[in-house]
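Please brief me on this protein model.

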Amino acid sequence: MTADPRAGEGLWRELTRQALARLVRTYGSARFDLCEDAVQEALLHAHQRWPTQFPDDPLGWLTATARRRYADHARSDARRRHRETRAASSHPPVAPEAAQRDDSLLVLQLCCHPDLPRSGQVALTLRAVAGLTTAQIANVYQVPESTIAQRITRAKRRVSELGRPLPSPEHAAERVTAVLDVLYVMFTEAHHTTTGAPPRDADLAAEAIHLTRLLRQSLPESTEVAGLLALMLLSESRHPARVGPDGSLKPFDEQDRTLWDRELIDEGTELVEQAAPGAEPGPYLLQACIAALHAEAPDIATTDWDEILALYRVLELVTGHGNPTITLNRIVAQAMVDGNDTALARIDVLEAEHPRLPRLNAVRAHLLEQADRPEDAANAYRRAIAATVNLAERQHLRHRLRRLSGANE
């Protein structure tokens, strides 16, 4: 693997994941926590050294450094020293052909072990595979950072207790639901970063798509894997129109659709057309169908909102009405079909159940603006701004508020 030291976060994430896989192959998943700590320490050393001394083989350098860090930790305890010697003697060095293997999906599957609770699977994978911070993961799930940190610690301990090697590719099917959830969270964070500076993490988006392509190679018959990949590609296609030259966000209804990436749209639409007929409706395939309808429409007015609303209602049924974000998106579609007053009434009901739901007041403000209720819309924009931690989104909401205030002066 060759790379430029000025490359983005995508390179660091890939190197970290591959180095972790090599250590777990050598020392076993019983030492997962030590392996992960050793890789993180090696990564810190690489950040300090590589700007002036970039290695010819960055993955080899990072892996060797991580192994030394692992040995240092193991020798700090006499009992660990014996286990390390025994483990090292029972695991031969990585063969050259294995060194070129992409173990990304296998590490992801290890973190999604079925003996872990779902919350632990997701938190551990986002930390060890995606490289997200505890703050980013906490923001995605709207829980305290301390809660995420505890989940990660417990999950690492459980993986170590299980003491099993990296899973083989055939384990992909039994862990696919958890893996899909993790990949979706990765992609969501990439397109809506926790801080909003930058508003989009292009490297993380590319990583999520890459891992989903690997998963599809392992499970080519899975309509949900195809659905998630299609959803990612269709969402990614809109990026050129989503962020302006100054870094400001462009809302969906104001995007220049001629800037959308037609190659990604074609690939995503083809996946939907192949997977949807006769398939059992799953959450990712349903969302991909919705995204395809948006991609096929030349503008907001000619979008098939009736079909989109119907798909959202099925999606709510499939997810057991347990995802308030899906309900919020359904309300947006309902406004296009049944009018703003009906949608605003649904917003009030949703807020009573989920008073801190992200984007709720932003959607309410937009609907109130559309309903020609500027004063109520302005108040909703102010509440949305106060509740938003994402800088890019906050700037967008302030722009909408200023535009609304200017129009009523």
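**Briefing on the predicted model**

The protein chain has a mean pLDDT of 83, and 85% of its residues reach 70 or more. Here pLDDT is the predictor's confidence in each residue, on a scale from 0 to 100. The model is predicted, so local features need pLDDT of at least 70 and side-chain atom pairs count only at pLDDT 80 or more, while totals for chains, interfaces and linings use all residues. Residues are numbered from 1 along each chain as its sequence is written, and side-chain values use heavy atoms, with hydrogens and water left out.

- A contact means heavy atoms within 4.5 Å.
- Residues 80-100 also have pLDDT below 50, with 19 contacts in the model beyond near neighbours in sequence.
- Where pLDDT is low, the predicted coordinates should not be read in detail.

**Overall build**

- The protein chain has 21 helices and zero strands. These are DSSP runs, numbered from the N terminus: helices are H or I with at least four residues, strands are E with at least two.
- Of the 409 residues in the protein chain, 49% count as buried. Buried means under 20% relative accessible area, exposed means over 50%, and partly exposed lies in between (1.4 Å probe, protein chains only).
- Take the contacts in the protein chain between residues at least 6 apart in sequence: 65% of them join residues at least 24 apart.

**Aromatic rings**

- The structure holds four aromatic pairs. Rings of Phe, Tyr and Trp (its six-membered ring) pair if their centres lie within 6.5 Å; planes under 30 degrees apart are stacked, over 60 edge-to-face, and the rest tilted.
- Trp 50 and Trp 61 form an edge-to-face pair, 5.4 Å centre to centre with 70 degrees between the planes.
- Trp 50 sits in the loop between α2 (32-49) and α3 (58-75), and Trp 61 sits in helix α3, so their pair ties together parts eleven residues apart in sequence.
- Trp 50 is buried at 1% relative accessibility. Trp 61 is buried too, at 16% relative accessible area.
- Ring pairs link Trp 50, Phe 54 and Trp 61 into a cluster.

**A buried threonine**

- Thr 327 lies in helix α17, which covers residues 324-338.
- Thr 327 is buried, with a relative accessible area of 11%.
- Setting aside neighbours within four places in sequence, Thr 327 is in contact with Glu 316 and Leu 350.
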